[in-house]
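Please keep the sequence and the model in view while reading.

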Amino acid sequence: MHNAEIRKIFTKTGALGAGIEGFQPRAAQLEMAFAVSKAIGEKQTLVVEAPTGTGKTFAYLVPALLAKKKTIISTGSKNLQDQLFNRDLPTIVEALSFSGNVALLKGRANYLCLERLDNLIAQGVVGDKKVLADLKKIRHWNAQTQTGDFGECTSVAEDSPIFSQLMSSTESCLGSDCPNYEECYVMKARKKALQADVVVINHHLFFADMAVKENGFGELIPNAEIIIFDEAHQVPDIASQYFGESLSSRQLFEFCRDLILIYRTELKDMKQLEAVAESIHKAVQDFRLTLTNESQRGNWRDVISQEAVRQALAVWQAKLAFASEVVEAVYKRSQTLANIFERLLAFRERLSRLCATEITGYCYWFETFGRHFSLNITPLSVAERFSRQIEKQETAWIFTSATLEVAGNFDYFCQRMGVYSSTQLCLKSPFNYSKQALLCVPRYLPRPNSPNMLDELAKMLLPVIEVNNGRCFVLCTSYFMMRGFAEYFRANSDLNVLLQGETTKMQLLDKFIHEEKSVLVATTSFWEGIDVRGKALSLVIIDKLPFTAPDEPLLQARLEDCRLQGGHPFNQIQLPEAVITLKQGVGRLIRDMNDKGVVIICDSRLVMQRYAVTFLQSLPDAKRTRSLNNVVKFLISIQNK
């Protein structure tokens with residue numbers, strides 16, 4: 001693959017110019033395509049920061065498809081995965097007249113399990129009449145779908161309880177013994193992926209496969225000759241989740257439900273199965289009551305030392321042990337029960353490891369949410385394990401995102417991932433930030449976390465938002481600030497205040513774009529992956545620098561580990577993470593060559609602290625001001641154009 005061939009494709013008269021209406025050649029996009037092509041040809045590792053507007057998707061798709069090698073493209077979320085597979089990939093396939101096969105593969109939980117559907121129809125659903133109505137809708141959809149991908153079932157709400165009762169799971173899967181094996185949607189999707197030349201997956205699925213090597217999918221990664229991670233800044237945290245272990249109340253409750261179901265369908269003479277299921281269910285519920293009443297994350301090492309927790313844990317373990325004896329006596333009567341027995345043994349082993357908190361190199365933490373909880377072990381670093389994967393597989397590895405470098409280098413990302421030998425490329429933004437954007441850190445800001453911070457900020461910012469007729473994102477670092485801003489704006493203005501959580505993400509964005517004087521007040525899930533172009537968004541406000549709370553257990557463990565190794569936790573962990581998150585938030589504003597607007601960051605540390613230079617070096621080169629009057633003038637000037 002020669003650069004001359006790629007250069008021609010990226011011209012107005014080339015394949016992309018001829019095949020894509022409005023295509024504009026971009027120097028940074030071409031530079032990235034050259035780098036990707038070289039990495040593929042030489043089986044290198046490439047790390048690329050491609051700012052918004054670069055067109056990075058086309059920059060890696062074109063050389064990947066031209067190479068005609070087995071390619072895996074991993075994205076940061078299922079939404080991005082669908083967008084890539086349904087929009088971007090078909091565009092390039094058509095423009096290049098690519099004749100290979102492409103496939104979309106998601107994790108098991110995204111597919112309908114036909115065996116569970118049959119059982120649910122026979123036994124009835126768990127829940128109210130609405131869940132029963134949702135089951136009827138899914139039965140109708142199942143008669144039409146080719147993929148069994150729940151993402152296609154738009155007639156049922158995303159958060160419907162019916163999905164957890166019907167989704168495929170490793171624990172409940174009967175494999176080749178399933179009567180629906182030939183029609184299984186998961187197996188069909190995997191078979192198609194194994195045969196495809198280009199497979200689009202997501203980071204969660206990639207690392208789930210690396211960690212557990214599920215049957216039927218374990219062949220996919222070893223056979224790949226090109227592996228591309230888009231939104232690669234998310235990879236280290238996601239990888240950590242999958243190289244660790246967890247046990248949750250939801251898993252246990254689902255197990256109890258399956259045990260009762262097999263008693264009612266296959267083994268009606270074994271009422272003891274129902275009894276042990278109910279005893280486990282109660283023990284898990286009782287254990288939940290010993291944890292905090294609030295929804296939070298905490299250090300499991302601290303909590304397990306409490307007497308009440310230890311006693312409830314001992315009861316839970318005893319119930320699981322007794323259930324093992326009961327199931328072991330009869331599991332040979334049913335393949336489904338044999339699978340349940342394996343799950344039970346796995347739960348007991350996992351719980352045993354969760355209790356062995358003296359092992360170093362891991363973070364032991366718990367999370368509570370409503371009536372549920374999870375217990376977790378997470379490795380403090382995935383670098384060693386991931387670097388071994390890179391070394392043993394002679395493959396081109398491409399990592400790209402709009403936010404990877406910190407103060408001009410990729411050290412933080414590469415060290416976390418164990419990418420010790422790579423070509424690194426930081427592309428220039430195609431946007432003229434000095435003309436398109438203004439960055440403001442206002443004077444007279446309240447101190448972060450001061451008692452009156454919320455009211456003072458809201459009072460200061462509201463006139464600016466009103467001058468701009470809304471068209472504003474207010475991105476917060478906590479739910480407290482998010483709710484407080486929304487309440488203040490609603491009480492003191494006629495703005496159309498949209499609050500994260502009051503409806504779905506897509507509905508909020510649709511309202512924001514189409515309803516006048518809209519202000520979207522949100523927290524973490526709106527800091528990235530949101531693309532609003534044009535005059536609908538011309539003001540982004542960030543309440544403070546997004547440092548992760550130091551009491552977050554995983555961060556706490558990483559900081560302590562860094563300290564023990566003689567490092568500087570703030571400079572090596574907290575600061576780089578905050579920089580990358582801030583870059584994501586600021587990146588919501590300018591999404592197009594014609595976009596204009598203002599970013600206001602309400603944190604005086606950005607001009608007062610020594611580390612401020614690290615943030616400022618990493619942000620776009622917009623004009624800067626400390627005057628809100630200058631902000632108002634700029635906003636008025638762009639409204640009149």
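On a 1 Å grid over the protein atoms alone, a cavity is a set of points where a 1.4 Å probe fits but cannot get out, whereas a pocket is an open set with protein on both sides within 12 Å along at least five of seven lines; lining residues have an atom within 4 Å of a point. Grid points are joined across faces, edges and corners, and a volume is the space filled by probe spheres set on the points. This is a predicted model, in which local features need pLDDT of at least 70 and side-chain atom pairs count only at pLDDT 80 or more, while totals for chains, interfaces and linings use all residues. Residues are numbered from 1 along each chain as its sequence is written, and side-chain values use heavy atoms, with hydrogens and water left out.

The structure holds one cavity of 30 Å³ or more. The volume of the largest cavity is about 100 Å³. Its lining consists of Tyr433, Ala437, Leu438, Leu439, Val586, Leu589, Ile590, Val599, Leu619, Pro620 and Ala622. Strand E12 (residues 437–440) contributes most to this lining, with three residues; helices (H or I, at least four residues) and strands (E, at least two) are DSSP runs, numbered from the N terminus. By class, the lining of the largest cavity has 11 nonpolar, no polar and no charged residues. Here Ala, Val, Leu, Ile, Met, Phe, Trp, Tyr, Cys and Pro count as nonpolar, Asp, Glu, Lys and Arg as charged, and the others, Gly among them, as polar.

The largest share, five residues, comes from H25. The lining of the second largest pocket comprises 16 nonpolar, 11 polar and eight charged residues.

Attention now turns to helix packing. Axes are lines fitted to C-alpha atoms, for helices over the stretch in contact, and angles run from 0 to 180 degrees between N-to-C directions. Helix H21 (residues 453–467) and helix H28 (residues 628–639) pack at an angle of about 15 degrees, their axes being 9 Å apart. H21 is therefore roughly parallel to H28, given that angles under 35 degrees count as roughly parallel, over 145 as roughly antiparallel, 65 to 115 as roughly perpendicular and the rest as oblique. In H21, Met460, Val464 and Val467 meet Leu628, Val631, Val632, Leu635, Ile636 and Gln639 of H28, where contact means heavy atoms within 4.5 Å. The residues of this contact of H21 with H28 divide into eight nonpolar, one polar and no charged.

Helix H6 (residues 114–123) and helix H7 (residues 129–142) pack at about 135 degrees, with their axes 12 Å apart. That angle makes H6 oblique to H7. From H6, Leu114, Leu117, Leu120 and Ile121 make the contact, together with Leu135, Arg139 and Asn142 of H7. This contact of H6 with H7 has five nonpolar, one polar and one charged residues.
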